[in-house]
Amino acid sequence: MSQKTTDRTGAAGANKAAGKQAKGLSRRSVLKGAAALGGLAAGSGAVTGFPTIWAQNPITLRQFGTGVSNLNAIAEKCKADLGITLQMTALDSDAVSQRVVTQANSFDVADIEYWICKKVFPAGTLQPMDVKKIKFYDQIVPIFTTGKLTPESKIAQGTAPNTVSFVEGADSKKFSPTPTQWMTLIPTIYNADTLGIRPDLVGRPIKNWKDILDPAFKGKTSILNIPSIGIMDAAMICESAGIAKYADKGNMTKAEIDTTIDFLIKTKKAGQFRAFWKTFDESVNLMASGEVVIQSMWSPAVAAVRSKGIPCVYQPLEEGYRAWGGGLGLAKHLKGAQLDAAYEYINWYLSGWVGAYLNRQGYYSAVLSTAEKYMTPDEWAFWMLGQPAKTDILSPEGKVMYTAGAVRDGGSFQDRMGAVACWNSVMDEDRYMVRRWNEFIAA
């Protein structure tokens, strides 16, 4: 790695970015730590300047990933702005992993999570991406480059995105522990996950992950049935309840896996769980119906329950959040005009419109500075600063998600992402963990 490359993500780059940001970020103290690392920049007006050559020279990019971010609205806006056609396919996490490795010629862009990257990038079906071609690289939130939200932050357990963000060279499949010129994924979306609750039905304050084990909620709880993610929620629960203490919840030993799964099986047989969900809609239906009053949940699913007029809270917990992040990767076979179009698409993705669209669903975008330009001051204050809404907060589709006066569950960006305890992960003992998880589900 050259010194020039190091400076892009080191002190020189941070100082340069911080200088540009000083004026625009002074009112947003919540983001000062990120700005100090070059994670943010401020400005005004829409980001423009993308070429229109793709309208005259039609390009189609085949993209697949989870339903979280493979959204028709993004494809439609991309077509309108760039003239690039996106053929999007939404799959579950396990199917995404399998397709990257076994069907390398069936896609051009892979929209995948960072824990999946650890599993699939070594297969060699994705190509490292040159950060010099990424227009907003220096403005990417630093948890994806250094692993730290602020200079004082600790890197959370599990597969922290920065640990799989870079490889050693243009043809390398080996992850680099420090930033290089070559990224595995260009980050796009992330969030801090916790438990969703029905405040009208739980009947008491919920403060800890272990509260899901309360006998008062017997038969009315749920956790998600995606092994690599569900095991992390289980670890948060077990550690909170004093069942186990992990050296790294994201990389358990076989003994730690056994302790966790054996406890889950015992808890399941005792009737504590109502169900184990795999999809967004399943989690919404369980909570909206009242069949479940406390469960693993995703932020937009909580909003979806609320949009039905049903009380639902994404509950901050004393032990912190389980986080996840995703990004766009490019197929190894891409070259020429298709490769150029793919880079143009990624640069457009980070330029603001998509970021604002994702932020309005309760997620976070990888380049916050550009997203802010596509949000109203009230939206930004609500979603990013944790301030009470001055007006009703609307979804991207125009539905009321929060009424005036509401405050985002968990507060500001820094409060939420600064309280991440672990990231979704792939363990060294992944195969053993998945086998034991399946025993739990079948028990």
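Alanine 95 sits in helix α6, residues 93-102. Helices here are DSSP runs of H or I with at least four residues, strands are E runs of at least two, and both are numbered from the N terminus. Alanine 95 is partly exposed, at 25% relative accessible area. The scale is this: buried is under 20% relative accessible area, exposed is over 50%, and partly exposed is in between, with a 1.4 Å probe and protein chains only. Alanine 95 and threonine 66 are 29 residues apart in sequence, and their C-alpha atoms are 9.0 Å apart in space.

A word on the model. It is predicted, so to speak of local features we need pLDDT of at least 70, and side-chain atom pairs count only at pLDDT 80 or more, while totals for chains, interfaces and linings use all residues. Residues are numbered from 1 along each chain as its sequence is written, and side-chain values use heavy atoms, with hydrogens and water left out.

Now the whole chain. It has 18 helices and 17 strands. There are 443 residues, and 58% of them count as buried. The chain exposes about 17100 Å², and carbon and sulfur atoms supply 51% of that. Those areas come from the Shrake-Rupley method with a 1.4 Å probe; for residues, only the protein chains shown count as cover. Next, contacts, meaning heavy atoms within 4.5 Å. Take the contacts between residues at least 6 apart in sequence: 71% of them join residues at least 24 apart.

On to the largest pocket. Its volume is about 810 Å³. Of its 36 lining residues, the closest to the centre are Gly67, Val68, Phe280, Pro300 and Tyr363. How are pockets found? The search runs on a 1 Å grid over the protein atoms alone; a pocket is an open set of points with protein on both sides within 12 Å along at least five of seven lines, a cavity is a set where a 1.4 Å probe fits but cannot get out, and lining residues have an atom within 4 Å of a point. Grid points are joined across faces, edges and corners, and a volume is the space filled by probe spheres set on the points.

Where does the largest pocket lie? Domain 1 (3-190 + 324-381) and domain 2 (193-322 + 412-442) both give residues to its lining, so the pocket lies between them. Those bounds come from an automatic or database domain assignment. Four elements each supply at least two lining residues: β3 (109-113), α11 (280-289), α12 (299-306) and β13 (321-331). The lining divides into 18 nonpolar, ten polar and eight charged residues. Here Ala, Val, Leu, Ile, Met, Phe, Trp, Tyr, Cys and Pro are nonpolar, Asp, Glu, Lys and Arg are charged, and the others, Gly among them, are polar.

Stay with α12. Eight of its eight residues are buried, so α12 is largely enclosed by the rest of the structure. Among those buried residues are Ser299, Pro300 and Arg306. Their cover includes β8 (186-197), α11, β11 (294-297), β12 (313-315) and β16 (400-402).

Cavities next. There are three of 30 Å³ or more.

Now some single residues. Asparagine 347 is in helix α13, residues 336-349. Is asparagine 347 buried or exposed? Buried, at 7% relative accessibility.

Serine 228 belongs to helix α9, residues 227-240. Serine 228 is buried too, at 4%. Which residues does serine 228 contact, leaving aside neighbours within four places in sequence? Trp115, Lys119, Ser425, Asp430 and Met433.

Two more to finish. Glutamate 439 is in helix α18, residues 430-442. Glutamate 439 is partly exposed, at 32%. Aspartate 262 is 177 residues away along the chain, with 9.5 Å between the two C-alpha atoms. Aspartate 200 is in helix α8, residues 199-202. Aspartate 200 is partly exposed, at 42%. From aspartate 200 to valine 313 is 113 residues along the chain, and 10.0 Å between C-alpha atoms.
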